[in-house]
Amino acid sequence: MTRRDELAANLAAVRARIDAACTAAGRAPGEVGLVVVTKYFPAADVRLLADLGVGEVGENKHQEASAKAAECADLGLSWHFIGSIQSNKAAAVARYADVVESVDRVKLVHGLSRGAEESGRVVDCLVQVSLDAGADSGPSHGRGGADPAEVGALADAIAAAPALRLAGLMAVAPLGEPAAPAFARLAEIASRLRADHPGATVLSAGMSGDLEDAVKFGATHVRVGSAVLGPRPLVQ
Ligand SMILES: *Cc1c(COP(=O)(O)O)cnc(C)c1O
């Protein structure tokens, strides 16, 4: 089996899972977009994925993402940045990312907008919200993201930035707790956000292990890595 055949088979299986989850949730199949997370995998795989009809890819490390986006610039893909962002790298990320899914603090907004403006584009941004339940789940313990209480102010800051568009929310299910109740909390946060910002309709949630739960609770995009590309190399 060639790598292309392997990716094609995995993609078909993931798309079938998404369609089945939509049907189970009473949603129209095709309503949920697939972002294939290509972190740690080579540009050659990105090329094969594009050829297999993938239009959106996700990366979580600035250096790797920027190199891969440059190497694959001819493919017309939409690049989603999904990793934590150092403040001094925000402008650089916004120069190649089409969607920045991991905006988790107001401090990033100015740099992101400047990078977007310098590259002559408007960049879509998602507020990454933390779904960690525990009181002591600070950034070092949890999986990143703004506290739900901070989402409104962060969303307002993005919406006010000249070269950014507030597109919606992103979240990762917490560790050590079932995903479904966390995604139910996320759906409530999303509906509150949409009351203030009707255009913020994107809800990016769900990965290889929990995409069905995310679709059930309203995800408009799932971010799937290992179920498409295989296990990531152990040395990251
Ligand atoms: C790596 C990653 C994913 C994909 O995870 P898989 O379990 O491999 O599908 C999704 N979202 C974020 C934020 C990630 O870092």
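Visitor: Where does the ligand sit?
Guide: The model is a predicted one. About 510 Å³ of space lies in its largest pocket. Of the 25 residues lining that pocket, Lys-39, Asn-60, Ile-82, Val-172 and Met-207 are the closest to its centre. The ligand sits in this largest pocket.

Visitor: How many nonpolar, polar and charged residues are in the lining of the largest pocket?
Guide: Gly counts as polar in this division, and Lys and Arg count as charged. The lining of the largest pocket then divides into seven nonpolar, 11 polar and seven charged residues.

Visitor: How many nonpolar residues does the shell around the ligand have?
Guide: The residues around the ligand include Ser-208, Gly-225 and Ser-226, along with Lys-39, Arg-223 and Arg-232. By class, three residues of the shell are polar and three are charged. Also around the ligand are Val-37, Ile-82, Val-172, Met-207 and Val-224. The nonpolar residues of the shell number five.

Visitor: Which residue has a side-chain N or O atom 2.7 Å from an oxygen atom of the ligand?
Guide: A nitrogen atom of the ligand lies 2.9 Å from an N or O atom in the side chain of Arg-223. The side chain that has an N or O atom 2.7 Å from a ligand oxygen belongs to Arg-232.

Visitor: What share of the ligand's exposed area does the protein bury?
Guide: Taken alone, the ligand exposes 390 Å². Of that area, the protein buries 88%.

Visitor: What is the volume of the largest cavity?
Guide: The structure holds one cavity of 30 Å³ or more. Among the residues lining the largest cavity are Gln-128, Asp-132, Arg-143 and Val-172. This lining has four nonpolar, three polar and two charged residues. The space in the largest cavity is about 40 Å³.

Visitor: Which residue has a positive phi although it is not a glycine?
Guide: Most residues other than glycine have a negative phi. In the loop between strand 1 (33-37) and helix 2 (43-51) is Tyr-40. A positive phi of about 70 degrees, in a residue that is not a glycine, belongs to Tyr-40.

How values were computed:
Residues are numbered from 1 along each chain as its sequence is written. This is a predicted model: local features need pLDDT of at least 70, side-chain atom pairs count only at pLDDT 80 or more; totals for chains, interfaces and linings use all residues. Side-chain values use heavy atoms; hydrogens and water are left out. A residue is near a molecule or strand if one of its heavy atoms lies within 4 Å of it. A polar contact is a pair of N or O atoms within 3.5 Å; within protein, one must be able to donate a hydrogen and the other to accept it, and residues adjacent in sequence count only if both atoms are side-chain atoms. Accessible areas come from the Shrake-Rupley method with a 1.4 Å probe; for residues, only the protein chains shown count as cover. On a 1 Å grid over the protein atoms alone, a cavity is a set of points where a 1.4 Å probe fits but cannot get out, and a pocket is an open set with protein on both sides within 12 Å along at least five of seven lines; lining residues have an atom within 4 Å of a point. A molecule sits in a cavity or pocket if more than half of its atoms lie within 2 Å of its grid points. Grid points are joined across faces, edges and corners, and a volume is the space filled by probe spheres set on the points. Helices (H or I, at least four residues) and strands (E, at least two) are DSSP runs, numbered from the N terminus.
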